[in-house]
Amino acid sequence: METLLIYLIVGAVAGTIAGLFGVGGGLIIVPALVLVYTALGIPAEILTHMAVATSLATIVITSLSSIRTHHLKGAVDWRVFLSMTPGILLGSWLGGVTAHLLPGAWLQLLIGIFALVIAVRMWRAGRHPATLLADGEKLPGGPFLAGVGGVIGWASAIFGIGGGSLTVPFLTRCRVQMQRAVATSAACGLPIAVAGAISFAVQGWGEPQLPAWSSGYIYWPAFFGIVVASTPFARIGANLAHRMSPQLLKNCFAGLLCVIGARFIWLNAGLVLGH
């Protein structure tokens, strides 16, 4: 019961931050689960893989609600979604395979670097508008979109995120309106999460160090606790966001990502270099 309460708290915090900052909860869920799994004594070799896999599994559920909301507003560009999805499915599966091959320290180091990159991009976004394609240029064709989807799916599965921090910048550079870019990115998060979670489940199947109630690297007690708490608290975070300065919110979240990234790099750089 005490452990379930911890996962409910993780879900509540991740949901609130996701609603507050307008980002997917994966950037918070993965570092939080790494801390919790470490405290519970889960072996270092598998705990990061479990955190990423469980994060992806929760995104399967939370993305459904987000997609429905955006679809009812007519904001999802389904043509772009269908063009990117084949690449996303393949890339996300390969992302799970790639992560499985990486030692836990390497995976944490990459997550830390990714968090710092996203933080810098958030700070720069407030000062430098995104460079868009020239007027008259069209969105790239299906094969190119599938290729980009493959890269986004691969990276997103490794980091345990829904891909919004990668998909939205790409679509806005292709002159997709911001609201449609966000909505379409939310839709793309579903195939990323489904393929990535299944890949992690398959790659981790039979791993002798996994705790009970695991399907491969997916740990169901954490999954259920996070899913139950994250959805209602995301609404609370969204309501709070309307009362605060958007730039202040962005700077605060970027600062939080810097702390997370720096901690992961500090703890794991020595281990990686030592090998």
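A residue is called buried when its relative accessible area is under 20%, exposed when it is over 50%, and partly exposed in between, as judged with a 1.4 Å probe on protein chains only. By that scale Ala 57 is buried, with a relative accessible area of 6%. The structure is a predicted model, in which local features need pLDDT of at least 70 and side-chain atom pairs count only at pLDDT 80 or more, while totals for chains, interfaces and linings use all residues. Residues are numbered from 1 along each chain as its sequence is written, and side-chain values use heavy atoms, with hydrogens and water left out.

**Buried helix positions**

- Ala 57 lies in helix H3, residues 44–72, where helices (H or I, at least four residues) and strands (E, at least two) are DSSP runs numbered from the N terminus.
- Apart from residues up to four places away in sequence, Ala 57 touches Ala 197, Ile 218 and Phe 223, a contact being heavy atoms within 4.5 Å.
- The C-alpha atom of Ala 57 is separated by 9.9 Å from that of Leu 190, although these residues are 133 residues apart along the chain.
- Ser 199, in helix H8 (residues 178–204), is buried with a relative accessible area of 0%.
- The side chain of Ser 199 reaches the backbone oxygen of Trp 93 at 2.8 Å; a polar contact is a pair of N or O atoms within 3.5 Å, and within protein one must be able to donate a hydrogen and the other to accept it, with residues adjacent in sequence counting only if both atoms are side-chain atoms.
- When residues up to four places away in sequence are not counted, Ser 199 touches Ser 92, Trp 93, Gly 96 and Val 97.
- Gln 108 has its place in helix H5 and counts as buried at 10% relative accessibility.
- Leaving aside neighbours within four places in sequence, Gln 108 is in contact with Val 34, Leu 47, Thr 48, Phe 264 and Asn 268.

**Aromatic pairs**

- A search of the whole structure finds 9 aromatic pairs, where rings of Phe, Tyr and Trp (its six-membered ring) pair if their centres lie within 6.5 Å, and planes under 30 degrees apart count as stacked, over 60 as edge-to-face and the rest as tilted.
- In one of these pairs, the rings of Trp 220 and Phe 224 have centres 6.1 Å apart and planes at 40°, so the pair is tilted.
- Trp 220 and Phe 224 are separated by about one helical turn because they are 4 residues apart in helix H9, residues 220–241.
- Trp 220 is partly exposed, with a relative accessible area of 27%, and Phe 224 is also partly exposed, at 49%.
- The rings of Phe 223 and Phe 224 have centres 5.0 Å apart and planes at 80°, so this pair is edge-to-face.
- Phe 223 counts as buried at 8% relative accessibility, and Phe 223 is also among the residues touched by Ala 57.
- Tyr 7, Tyr 37 and Tyr 219 form one aromatic cluster.

- The largest cavity has a volume of about 70 Å³, taken as the space filled by probe spheres set on the points, with grid points joined across faces, edges and corners.
- Lining residues, which have an atom within 4 Å of a point, include Gly 26, Val 30, Phe 114, Phe 159 and Leu 257.
- Two or more residues of the lining are given by each of helix H2 (26–39), helix H5 (104–125) and helix H10 (246–274), and the largest share, 4 residues, comes from H2.
- By class, the lining has 10 nonpolar, 1 polar and no charged residues, where Ala, Val, Leu, Ile, Met, Phe, Trp, Tyr, Cys and Pro count as nonpolar, Asp, Glu, Lys and Arg as charged, and the others, Gly among them, as polar.

**Positive phi in loops**

- Most residues other than glycine have a negative phi.
- Arg 175, in the loop between helix H7 (164–173) and H8, has a positive phi near 65° and counts as partly exposed at 37% relative accessibility.
- Trp 213, in the loop between H8 and strand E1 (214–215), has a positive phi near 70° and is exposed, with a relative accessible area of 68%.

Definitions and conventions: On a 1 Å grid over the protein atoms alone, a cavity is a set of points where a 1.4 Å probe fits but cannot get out, and a pocket is an open set with protein on both sides within 12 Å along at least five of seven lines; lining residues have an atom within 4 Å of a point.
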